[in-house]
Amino acid sequence: MTEKKTESKACMKAAVFYHAYEPLAIEDIPLKPLKSTDVRVRIETCSVCHTDLQFIDRGLATSKAPPLILGHEIAGVVEETGKNVTSFGVGNRVIVPATISCGKCLACKSWNETQCENLKILGNHIDGGYAEYISVDQNQLIHLPDEFPFELGSLISNVFVGALHLVYDRVNILQGETVVIFGSGGFGLSLLQMAKLKQAQVFMVDIFDWKLNIARDYGADGVLNSNKCKVCEEGVCDMIRGKADVVIETIGTPRTMVQAMNVLHKGGRLVLSGYSDNTIPFLAGRIIMDEMSLIGSVGAPMREIPDVIKLLKDRKIRWQEMISGHYPLLQINEAFNTLRMGHSIRTMVHPNQQET
Ligand SMILES: [Zn+2]
Ligand SMILES: [Zn+2]
């Protein structure tokens, strides 16, 4: 184990969220003292995510009232360790998983960590990754393999492990099933690849051809630009020659959720994973008579991250094409603009780089 660091900086730069509809403010924030089992991580990458835009652009309330540091897709290097830290040393490369579960409640004890009574999401319940440093308990870190770049660590921390959880635990997609995914963004492309590993037929719907081209490259059996068809549902049913066994909605708008419902076959499963606080008008009778299932999926237990790392080491999942830009922390608001304009799959913020 590398030696523990003795002296350290007193302050760090962070992008702070104060109010919705305003850009994040770059500020100097005092570093928190480390508890004995805490690890301070120097953040190398934190990718910007649509969830952040729900807070900034749509006024969705964060669980902790602002001021708050957003950002939950984090990878970096151990900078400093508390005196009782045994699993990590200074210089270790790490993934910081997006959610922290308590390990003590009934949900945690029954392997349902995503429903933990005390669940904390970084950049929502507690400060997140748009900052030079974050400190977390040593049990909340995973080693990032040396051959994996930090960008990949950020993808693993949230979208890849979240997709694995949805496809394998929540829905259990079966071989030969027809799956339609609304949204060819970071999460959609991750789901596509996981569902292909299950040997499903997977079809992608989006409004950007360039994102759909990546989906096709990643093995989609068909793609549809819903802006180019009169009625989205008709376009989807033509493409898949019938209706779907599983539809996964990753966008989170009422319109796409209803469209997703409408392309489901009898007995189908509708999976909602694009966060929304809207009420969705569904015909209850259809859910009953067609025996449909409505499934929610959020995040993933961190114990599933090693499974994702194995898939990546075995080259079962591709990712390079998903990285669409790099920004230093000072330009984080520009990074969000790329997301707003649909120019981004995953844009990386590098809090410890002055320029990119
Ligand atoms: Zn995210
Ligand atoms: Zn718990």
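Biologist: Where in the secondary structure is the place of Pro-30, and is Pro-30 buried or exposed?

Modeller: In this predicted model, Pro-30 belongs to strand 2, which covers residues 25-30. Its relative accessible area is 58%, and because exposed means over 50%, Pro-30 counts as exposed.

Biologist: Which residues does Pro-30 touch, once residues up to four places away in sequence are not counted?

Modeller: With those set aside, Pro-30 touches Ala-10 and Cys-11. For a sense of distance across the model, the C-alpha atoms of Pro-30 and Glu-177 are separated by 52 Å, and the two residues are 147 residues apart along the chain.

Biologist: How is the chain divided into domains?

Modeller: Domain 1 is made of two segments, 11-159 and 300-350, while domain 2 runs over 172-296. The C-alpha centres of domain 1 and domain 2 are 27 Å apart, and the contact takes 18 residues from domain 1 and 18 residues from domain 2.

Biologist: How should I read the extent of that contact?

Modeller: The size of an interface is often given as the accessible area lost when the parts come together. Here domain 1 and domain 2 bury about 1500 Å² between them, with 60% of that area on carbon and sulfur atoms. On the side of domain 1, the residues that lose the most area to domain 2 are Val-159, Arg-318 and Ile-345, which together make up 32% of what that side buries.

Biologist: How many salt bridges are there between domain 1 and domain 2, and how many does a search of the whole structure find?

Modeller: The count between the two domains is 2 salt bridges, and the search of the whole structure finds 17. One salt bridge in the model joins the side chains of Asp-277 and Arg-58, at 3.5 Å from N to O.

Biologist: Beyond the distance, what can I learn from a salt bridge such as that of Glu-80 and Arg-40?

Modeller: Look at where the partners sit in the chain and at their accessibility. The side chains of Glu-80 and Arg-40 meet at 3.1 Å, N to O. Glu-80 is buried at 10% relative accessibility, and Arg-40 is buried at 5%.

Biologist: Which residues are linked with Arg-42 in a network of salt bridges?

Modeller: Arg-42, Glu-44 and Glu-79 are linked in such a network. Within it, the side chains of Glu-44 and Arg-42 meet at 3.1 Å, N to O; Glu-44 is buried, with a relative accessible area of 15%, whereas Arg-42 is partly exposed at 26%.

Biologist: What does the salt bridge of Arg-303 and Glu-113 tie together?

Modeller: The side chains of Arg-303 and Glu-113 meet at 2.6 Å, N to O. Arg-303 lies in the loop between strand 16 (293-296) and helix 9 (305-313), and Glu-113 in the loop between helix 2 (106-109) and strand 8, so the pair ties together parts that are 190 residues apart in sequence. Arg-303 is partly exposed, with a relative accessible area of 35%, while Glu-113 is buried at 12%.

Biologist: How many aromatic pairs does a search of the whole structure find?

Modeller: The search finds 1 aromatic pair. Tyr-130 and Phe-336 form this pair, which is edge-to-face, with 5.9 Å centre to centre and 90° between the planes. The pair links distant parts of the chain, 206 residues apart, with Tyr-130 in the loop between strand 8 (120-121) and strand 9 (133-137) and Phe-336 in helix 10 (residues 332-340). Tyr-130 is buried at 0% relative accessibility, and Phe-336 is buried at 1%. A ring may also have a charge over it: the charged end of Arg-93 sits over the ring of Phe-150, 4.5 Å from its centre.

Biologist: Which residues of helix 7 are buried, and what do they pack against?

Modeller: An α-helix has 3.6 residues a turn, so residues three or four places apart point the same way. In helix 7 (residues 254-262), the buried residues are Thr-256, Met-257, Gln-259, Ala-260 and Met-261. The buried residues of this helix pack against strand 11, helix 6, strand 14, strand 15 and helix 8. Gln-259 is buried with a relative accessible area of 8%, and, leaving aside its neighbours within four places in sequence, Gln-259 is in contact with Phe-182, Cys-232 and Glu-233.

Key. Residues are numbered from 1 along each chain as its sequence is written. Chains are lettered from A and ligands numbered from 1 in the order in which they are written. This is a predicted model: local features need pLDDT of at least 70, side-chain atom pairs count only at pLDDT 80 or more; totals for chains, interfaces and linings use all residues. Side-chain values use heavy atoms; hydrogens and water are left out. Rings of Phe, Tyr and Trp (its six-membered ring) pair if their centres lie within 6.5 Å; planes under 30 degrees apart count as stacked, over 60 as edge-to-face and the rest as tilted. Helices (H or I, at least four residues) and strands (E, at least two) are DSSP runs, numbered from the N terminus. Buried means under 20% relative accessible area, exposed over 50%, partly exposed in between (1.4 Å probe, protein chains only). A charge sits over a ring if NZ of Lys or CZ of Arg is within 6 Å of the ring centre and within 35 degrees of the ring normal. Domain bounds come from an automatic or database domain assignment. Contact means heavy atoms within 4.5 Å. Buried area is the accessible area (1.4 Å probe) that two parts lose on being put together, summed over both. A salt bridge is a side-chain nitrogen of Lys or Arg within 4 Å of a carboxyl oxygen of Asp or Glu.
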